[in-house]
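Open the model in your viewer and keep the selection panel at hand. The stops below go from pockets to a helix pair.

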Amino acid sequence: MRRNGGNKVTQEAYGTKKLPEEKVFKDPVHRYIHVSDQLIWDLIKTKEFQRLRRIKQLGTLYLSFHTAEHSRFGHSLGVYEIVRRMVDEVFDGRPSWDNKDRPLALCAALLHDLGHGPFSHCFEKIFLTDHEAFTQLIIKGDTEVNEVLRRVSPDFPTEVAEVINKTHENKLVISMISSQIDADRMDYLQRDAYFTGVSYGQFDMERVLRLMRPSKDEVLIKESGMHAVENFLMSRYQMYWQIYFHPVSRGGEVLLNRCFKRAKVLYDEGYSFKEKPKYLIPFFEGDVSIEDYIRLDETVVMYYLEEWTEEGDQILSDLSKRFVNRDLFKYLPFDGSIITIGELTDLFEKGGIDPEYYFVCDSFSDLPYDYDRPGSNRQPIHLLQKSGHIKEISSQSVIIHSITGIKRLDYKLYYPKELILEMEDEDIKGDIINLLNELV
């Protein structure tokens, strides 16, 4: 606070207030993450953001790649750093960029994953939660994050939530954080590649950043940066099929999914747990408050899984032991035939193995790149030509054109091989083995 002549008092706006000294985080991807804004520093210190230290970025992927135990906290800082570099090193002073939007862009980048639950997408499938919806609820609710954001202005939390929800009027800021070449993807590809020990996710981020240009509605890429974008999209394609869709990791998700499913069924049936899973009850009942959601992290979930290994229910105990001790189901590639699934389901039941928990068909798909054609809801990547004209990138790149709009789908069947081999009925056992061998 300072006095400016007479008794008039002016106060530096909180949204642009600088720290007395810049803070830095050492980072394996970006070398250093720089924080010079009081607003960002205060957000990082909130309990809701600190909770992200206890949420793994890659869920169960550590069961396949043992060093993949990095957190949503590190990724969120990384996305913030990329957006900070966009606005401070590339956009500042250029047409179409208004620096008053800097706090909005930085906060949305930092907080974009705030609502992720334990084991992320696996948890969402069971309890039908939506991390983006909870991100917005945390930002706008009675939270420490909301209190910090309101220091900027009463409407600022809503603005940040609207960017994350892709409904804010500032389409440029939205595209910086959520598009087909955004700060989110640029960080997680490199970060996940680093922590899984692979090279697939590497691309020339420095060149991509240097050739980004702000426009009214989106981030454009200078035409000379097309090959760097090709490299980025192919890196993403390889990461999905070599890493994110790794069948062993998916097997971990299958087990975790069935653990939660069994626990919920038992709760609904009035089962008496040896230790009441009180922090999961709101999720079992479908009545989850912000406080309930924030309280739950992977530390809590792993505690319950450990406890369930000694539960009286044989299915829950067995599934929990398998997950905790990495005794995963076997898997086979599969063509998705409903007839085969039906036949195997019947045989498992006849053989005394509950197919609801021990026979799972898992499918996954990816669309590497798409554009604004009929049926697509994706914002395309646009190239800025020297003439000032804008071209959609697949119309200029043979490589990107070859993968545009092509959705790849894959299936895997997961089952406990040892339980099949232990079946007493030799005929049923033989029928199951023969059907499974036909899939190979």
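Which residues lie nearest the centre of the largest pocket? Select His121, His131, Asp184, Tyr188 and Tyr240. Bear in mind that this is a predicted model.

**Stop 1: the largest pocket**

The volume they line is about 1500 Å³. Colour the lining by class: 17 residues are polar, 16 charged and 12 nonpolar.

**Stop 2: the second largest pocket**

Next, go to the second largest pocket, with about 260 Å³ of space. Select Gln314, Ile315, Asp318, Gly351, Gly352, Ile353, Asp354, Tyr358, Leu419, Glu422 and Met423 to show its lining. Which helix gives the most to this lining? Helix α17, residues 314-324, does, with 3 residues. By class, the lining of this second pocket splits into 5 nonpolar, 3 polar and 3 charged residues.

**Stop 3: helices α3 and α4**

Now show residues 72-91, helix α3, and residues 102-111, helix α4. Their axes come within 7 Å and cross at roughly 160 degrees. Angles over 145 degrees count as roughly antiparallel, and α3 and α4 are therefore roughly antiparallel to each other. The crossing is right-handed.

On α3, pick Ser76, Leu77, Val79, Tyr80, Val83, Arg84, Val87 and Asp88. On α4, pick Arg102, Ala105, Leu106, Ala109 and Leu110. Colour the contact of α3 with α4 by class, and 9 residues come up nonpolar, 1 polar and 3 charged.

Key:
Residues numbered from 1 in each chain as written. Predicted model: local features only at pLDDT ≥ 70, side-chain atom pairs only at ≥ 80, totals over all residues. Heavy atoms only, no water. Axes fitted to C-alpha atoms, helices over the stretch in contact; angles between N-to-C directions. Helix = DSSP H or I, 4+ residues; strand = E, 2+ residues; numbered from the N terminus. Parallel < 35°, antiparallel > 145°, perpendicular 65-115°, else oblique. Left-handed = near helix turned anticlockwise from the far one by under 90°. Contact = heavy atoms within 4.5 Å. Nonpolar A, V, L, I, M, F, W, Y, C, P; charged D, E, K, R; others polar. 1 Å grid on protein atoms, 1.4 Å probe; cavity = no way out; pocket = protein on both sides within 12 Å on 5 of 7 lines; lining within 4 Å. Points joined across faces, edges and corners; volume = space filled by probe spheres on them.
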